Amino acid sequence: MYKNYIKIALRNLTRNKSNSVINVLGLSIGIAGCLLIMLWVSDELSYDNWNSKADRTYRVASEINFAGTHQSYAVSPAPLAQALVSDFPEVESAVRFRDYGSFLVKRDVQNYKEEDIVFTDSTLFDVFDLKLIAGSKSALTEPNSVVISETAALKYFNNEDALGKTLTFDDNEVYEITGIIKDMPENSHFRFDFFVSLTGGQEANNGIWVSNNFPTYYVLKKGVDHKAFEAKVFPHLLEKYIGPQIENIMGATYDEIAKSGAFIRYFYQPLREIHLHSDLVAELAPNGNIQYVWIFLSAAIFILIIAVVNFMNLTTAKSALRAKEIGLRKVMGSLKSNLISQFLCESLILTFLAFLLGLALAHISLPAYNQLANKNLSIPFSNPSFWTIALSGTFLIGLLAGSYPAFYLSGFKPIQTLTGRLSDKKGNVTLRNGLVVFQFLIAVVLIVATMGIRKQLSYIQNKKLGFDRQHVLVIDDAYALGNNKNAYKKRLSEHPSIVMSSYSSYLPVPSSRSDSPLCKSAEIREDNCVAMQNWDIDEDYIKTMGIELKEGRDFNIAMATDSQAVILNETAVKLFGLEDPVGKTIYGSADAGPDAGFASIPLKIIGVAKDFHYESLRENIRALGFMLNESSGSLSVKLTPGNPSEAIAHAERSWKELAPGQPFSYRFMDESFNNIYRTELRVGTIFSIFSGLGIFIACLGLFGLAAFATEKRTREIGIRKVLGATTFGIVSLLSKDFLKLVFLALIIAVPIAWYLMSQWLSSFAYKVNVGYSIFIFAGLSAILIALFTVSYHSIRSAIANPVDSIRNE
């Protein structure tokens, strides 16, 4: 019996080739798109699952509100890890990291710049399942020891045994390799190639509880109630450690300070949630965003729904072509259940053909998709779970797509089908129209979302930031120049394409930075201080960056008093509440240890810089102070417009002369700024592609329905033409029914799309307005797409010879 079902199903599929092709193509594209999206979603959700203790591992994060700054940080105090282990028997182990940025690393003579270096405790292997291939878990117990990855070992030692050998950091510190690990999994919220021992480090053992620089992780013992543990941690730490230190420094108890609104809090992040749910200051690496997971998951579901709706619509629309077959089968004794099985069999065959084609399309598209998504995804063909889920899903899609057509077609009455009195039932037409409306509702939402994302990204990339990031070359690791810094800067000024250059500790692009308080008087109080960024710059920084001074003057190296001067931004001045800030004195702090108290450093305000964006546009502009101090961070070089290659070549030649053996590393500031939004740019591009796929699948369905509608009205069209109807009139007649459905979809889709876009844009402090233009353009696009799709069959029928139409009917 089932053999007969399959034979008849294949015969019907080949008989209605155009209908079958549209169904298979639409479903296969939907399945391919859904599969690619689900690979991305699955990868995002898998982060840190490789740790066997992931369900018991947490990171301590800090929330601090003080002196006009309210921030949450992924770091905590240096003594916290030891206190967790010693004071709380529920804690099995704890580990700290300290990220000092990049280092110059060498084995012999040649230095290489390494970004993926972190300092950590000897308990690293007690918390994280890093796979040692050489050395033991005690590898980091001694000072000046380092554990490196397999890739790093291959880079520096080729096929030699690296264990026991040494590497030199920054031409200064020598570290012995005491362990080699397998490269860390890509689905980890941090990835490093060098783990350096914190043992013996001064900062690691400073006992300061009011400074936060260490990402701290801990593992709870099995069976511990984490909520109960959380509730008692901070009160204990505040009473025993934090409170006394705050009172010693500020001369007031924590409770007294808290009355003004200031506070410190700890919160505890489950390891598996960090990648998608955490975007704090001083993250070890950029994280993902659960919002994008939901967006992509919704897109996958929508694309699949559109494909399934196409199948249902086209199958029920073509029902008249099989009416006599169904009537004859029923007269010959076929039961309704037999007919349902027959039609479900056809649906399943189509769906499995679409699955195979979709799998092939996804496999072919995967290399380009990986490059676009910046991932290393693969279809897990060898995984039985994949095939179980994929085949079960395909079977379910086949049943879902074929269920309504099967029950609808099997319900035909024989007498109606055999006497030619079969017509579309009102309920069937209503459902079909409803499904078309649903398809274009999704299409309009996708168009609006794509346009909104692209408009916001364009706004970000083109917004005036308050400084000139164009034509600025950034040369990193200026400390490698040693005593030749000034000579190098002078050498650069000799090139005609180089306008000026400046050394600074920070650049106006997001990076890991901490705030320090500046105060109106020599007392640290909530109502007296402003927590702000403090940047060390040289006398040319303001001019090089094109930062505008609102009042006052720039630094002058010839004036000795400028060594104790400060330039504030407008936000800092507002937070201080200063009317005429230039000439006034504020105070900086210097902490020499946990019991040193507060030492005042007077700073004279000599200028006020206009506010500029130095963080992501997701954040408001915060307080900032510039100070004239020597810095060896980066050298910013302002170039004239045009081809920068000669200036770069000159900079590299001069570098090699003055810093022999040191790597020359440069970048452009506008590229660094754009990298902040690389996730949004990548997501925007991928979303646009999948939106296009969804719209294309919807158009395929509309194309098939238009073919059916014109075929059903062939005789009517012929008669209308004989009676004098114009081609335009007939095209309008055939198109208006579909356009009505598109208009209805627009009315429903606009408020939904507006709400979704507003929710996404709410994460940006600076954003575009969701104006009417986006919705008007999306509506016109949907109408034109529908009109173009329908017009092919409409025009073809309108220009056909009416004699042939009437004779054939």
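**View 1. The second largest pocket of this predicted model has a volume of about 750 Å³.** Of its 24 lining residues, Leu 35, Met 38, Phe 386, Ile 389 and Ala 390 are the closest to the centre. Helix H2 (17–45), helix H11 (336–373) and helix H12 (384–410) each supply at least two lining residues. H12 gives the largest share, nine residues. A pocket is an open set of points on a 1 Å grid over the protein atoms alone, with protein on both sides within 12 Å along at least five of seven lines; lining residues have an atom within 4 Å of a point. Helices are DSSP runs (H or I, at least four residues), numbered from the N terminus.

**View 2. Ser 691 is found in helix H20 (residues 678–712).** Neighbours within four places in sequence aside, Ser 691 is in contact (heavy atoms within 4.5 Å) with Leu 446 and Thr 450.

**View 3. Leu 744, Ile 747, Ile 748, Ile 752, Trp 754, Tyr 755 and Leu 756 make a nonpolar surface patch of about 680 Å².** Such patches join nonpolar side chains (Val, Leu, Ile, Met, Phe, Trp, Tyr) within 5 Å, from residues with over 30% relative accessible area and no salt bridge. Ile 748 lies in helix H22 (residues 727–761). Ile 748 is partly exposed, with a relative accessible area of 34%.

**Notes.** Residues are numbered from 1 along each chain as its sequence is written, and side-chain values use heavy atoms, without hydrogens and water. In this predicted model, local features need pLDDT of at least 70 and side-chain atom pairs count only at pLDDT 80 or more, while totals for chains, interfaces and linings use all residues.

Conventions:
Patch = residues over 30% accessible without salt bridge, like charges linked within 9 Å, V, L, I, M, F, W, Y side chains within 5 Å. Areas by Shrake-Rupley, 256 points an atom, 1.4 Å probe, with all protein chains shown as cover. Salt bridge = Lys/Arg side-chain N within 4 Å of Asp/Glu carboxyl O. Buried < 20%, exposed > 50% of the residue type's maximum accessible area, 1.4 Å probe, protein only. 1 Å grid on protein atoms, 1.4 Å probe; cavity = no way out; pocket = protein on both sides within 12 Å on 5 of 7 lines; lining within 4 Å. Points joined across faces, edges and corners; volume = space filled by probe spheres on them.
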